[in-house]
Amino acid sequence: MNEIFKKLKRKKFLTAACIAAGTGVAAGLIAAGSVLLALKLSEININAGWYVLIGLGVAAIAGGVAFWVLLPTDKKVAKEIDREHALNEKVQTMVAFAGDDGDMVELQRQDAEEKLRALPNRKPPFKSWWKYLVAPVLALAIFLPAVILPGAGSSQNHKQPEKEFNYSQRQAEALNQLIKDNEKSSLANADKTAVSTLLKTLENSLGDIKTERVMKSAVLSTVSFVDLQLFTPNSFDNVAYQLKKDDKTKLLAAALTEGVGFYKANTARFTKFEQVEEAEKGLVNSVRGKVAENTDALREEFRITFEDGVVEYIQSVNEIVTEALKAAKIDLQDLIKLQLEKFTKNAAAAVENVAGMNDEAFQRDRVNKIFETFADDLTGSLTAQSYNCIMDEYIRVKLVTIFEIDSSELPALDSGVRDEDGNIPDDEDEEDDRNPSGGIGNGDIIYGGNDNLYHVDTGTLSPYGDKIDEYYDIILRRIQDGEIDEETAAIIENYFQILYGGVKRPEEQD
């Protein structure tokens with residue numbers, strides 16, 4: 001083979017080797033840098049040798065493949081020379097007949113050699129090489145930041161060790177006092193017993209807790225279960241949400257929500273049980289005032305003459321209330337439901353046999369009586385639900401105060417209906433996902449509510465239906481180990497059955 005051709009082939013061989021080596025190094029740096037950067041951002045540490053192995057492995061594979069693709073053979077080199085210098089395949093013909101003899105072959109070979117000797121000795125222009133710089137630049141752009149970025153073990157990004165928790169005498173006394181406050185409260189006996197059980201279970205577990213993270217989980221989970229007992233079962237907001245959808249019953253909705261929620265403006269002062277007791281003294285009057293304010297306004301809307309259609313108006317309100325109660329999915333024996341049904345029944349009776357009555361007598365003798373009875377009935381049930389909310393808020397505030405937890409970490413109160421921020425479930429999902437008291441579920445199990453629990457491992461709030469099995473297993477082990485007495489264990493078992501089963505749907509009740 002012609003010496004000039006061999007020299008050109010060696011040059012292309014070296015070029016291919018350099019490109020393959022550069023490709024391998026760039027690929028290795030990209031691979032090692034990508035893994036290093038991803039793990040550092042995830043705050044994960046691995047032995048540095050793994051990065052070396054990853055880089056070398058990828059470099060060997062990428063470099064080998066690149067060299068195999070670029071490896072200059074006689075045919076490749078001849079074709080490139082002919083193309084670059086427009087030699088009309090003279091060099092390719094010389095290579096193809098390199099092993100042949102003859103006058104014509106010799107003449108062609110001499111002609112090709114003359115062409116090769118006449119080739120200019122030029123350097124390849126930059127435009128032929130810039131594309132080989134892309135991979136190294138990309139590799140450095142990934143690898144250098146990955147090396148510079150402080151890792152999980154560095155002083156800048158090092159996680160602080162978990163803070164220790166020591167259950168202090170002060171905390172023990174304060175929690176014990178909260179249990180006594182609950183037992184002195186005016187809550188219904190079932191609610192009082194359930195809340196005491198939750199607080200005592202928390203009290204029994206705190207001595208074994210060693211870190212603040214786990215303590216916080218236990219306290220906030222207890223808060224969620226107390227919410228589930230005292231806040232979620234209240235029906236006032238479920239009914240009000242349905243009533244306020246129609247202009248004719250918005251005042252009824254306001255009577256419910258304002259009757260219960262007046263205390264919220266004063267929630268911050270409920271840091272002592274004496275303050276709860278003081279609020280309780282004026283609770284009936286406060287609720288009655290809000291109820292009367294809105295029912296009196298509604299009564300004014302009933303002041304329509306017979307001629308203008310008061311009978312039809314009352315019938316229309318009755319229909320709206322009836323449909324709202326169906327949509328609210330509350331217990332059949334719920335007091336607010338029964339009182340609203342009594343209201344519609346009395347209203348229906350009021351517009352019967354009105355022949356001969358004048359407008360003034362109808363308003364005085366029938367409409368006024370309907371609203372007086374309704375306001376008195378509603379005040380009683382709303383007072384009980386308002387007290388539940390006050391006690392729930394008091395326990396929430398006391399628990400985060402005793403254990404010095406930021407109140408912003410308290411789980412949100414959520415009954416499953418629209419709140420002031422517009423947070424609601426989709427209307428089309430309500431029928432399937434909620435039981436009569438706001439339970440959540442999309443399969444065979446309908447849970448008793450959708451409150452959130454603080455999760456130890458993630459530090460986030462999760463629906464209790466996602467974690468109830470885990471918590472039940474923990475409680476069950478404590479019962480089996482004899483850490484909880486039989487009476488308390490029976491209450492807990494019953495309580496978890498309620499959590500798992502929720503409340504029966506109307507068609508399931510006996």
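**Helix packing and aromatic pairs in a predicted model**

Let me start with two helices. α8 and α9 pack with their axes 10 Å apart and at an angle of about 175 degrees. An angle over 145 degrees counts as roughly antiparallel, and α8 and α9 are therefore roughly antiparallel to each other. On the α8 side, the contact is made by A190, D191, A194, V195, L198, L199, L202 and L206. On the α9 side, the residues are M215, A218, V219, T222, F225, V226, Q229 and L230. Please keep in mind that this is a predicted model.

Now α9 by itself. The helix covers residues 212-230, which is 19 residues.

L202 has a relative accessible area of 2%, so it is buried. Leaving out residues up to four places away in sequence, L202 touches L175, A218, V219, T222 and L399. Take A218 from that list: its C-alpha atom is separated by 6.8 Å from that of L202, and the two residues are 16 apart along the chain.

The other residue is S196, also found in helix α8, which runs over residues 189-206. Is S196 buried or exposed? Its relative accessible area is 6%, and under 20% counts as buried, so S196 is buried. What does the side chain of S196 meet in a polar contact? The partner is the side chain of N182, at 2.7 Å. Residues up to four places away in sequence aside, S196 touches I179, N182 and E183.

Next, the aromatic residues. The structure holds 7 aromatic pairs. One of these is formed by F273 and Y394, with 5.9 Å centre to centre and 50 degrees between the planes, which makes the pair tilted. F273 lies in helix α12, residues 273-281, and Y394 in helix α16, residues 359-402, so the pair ties together parts that are 121 residues apart in sequence. F273 and Y394 are both buried.

A second pair is F302 with Y313. The ring centres of F302 and Y313 are 5.7 Å apart and the planes are at 85 degrees, so the pair is edge-to-face. F302 sits in the loop between α13 and α14, while Y313 is in helix α14, so this pair ties together parts that are 11 residues apart in sequence. The relative accessibility of F302 is 1%, so F302 counts as buried. Y313 is buried as well, with a relative accessible area of 14%. F302 and Y313 also belong to one aromatic cluster, together with F343, F371 and F374.

I will finish with one more residue of α14. N318 lies in this helix, which covers residues 310-328. N318 has a relative accessible area of 11% and is buried. Which residues is N318 in contact with, leaving aside its neighbours within four places in sequence? They are T344, A347 and A348.

Key. Residues numbered from 1 in each chain as written. Predicted model: local features only at pLDDT ≥ 70, side-chain atom pairs only at ≥ 80, totals over all residues. Heavy atoms only, no water. Helix = DSSP H or I, 4+ residues; strand = E, 2+ residues; numbered from the N terminus. Expected span 1.5 Å × (residues − 1). Buried < 20%, exposed > 50% of the residue type's maximum accessible area, 1.4 Å probe, protein only. Polar contact = N/O pair within 3.5 Å; in protein donor to acceptor, adjacent residues only side chain to side chain. Contact = heavy atoms within 4.5 Å. Phe/Tyr/Trp six-rings, centres within 6.5 Å; stacked < 30°, edge-to-face > 60°. Axes fitted to C-alpha atoms, helices over the stretch in contact; angles between N-to-C directions. Parallel < 35°, antiparallel > 145°, perpendicular 65-115°, else oblique.
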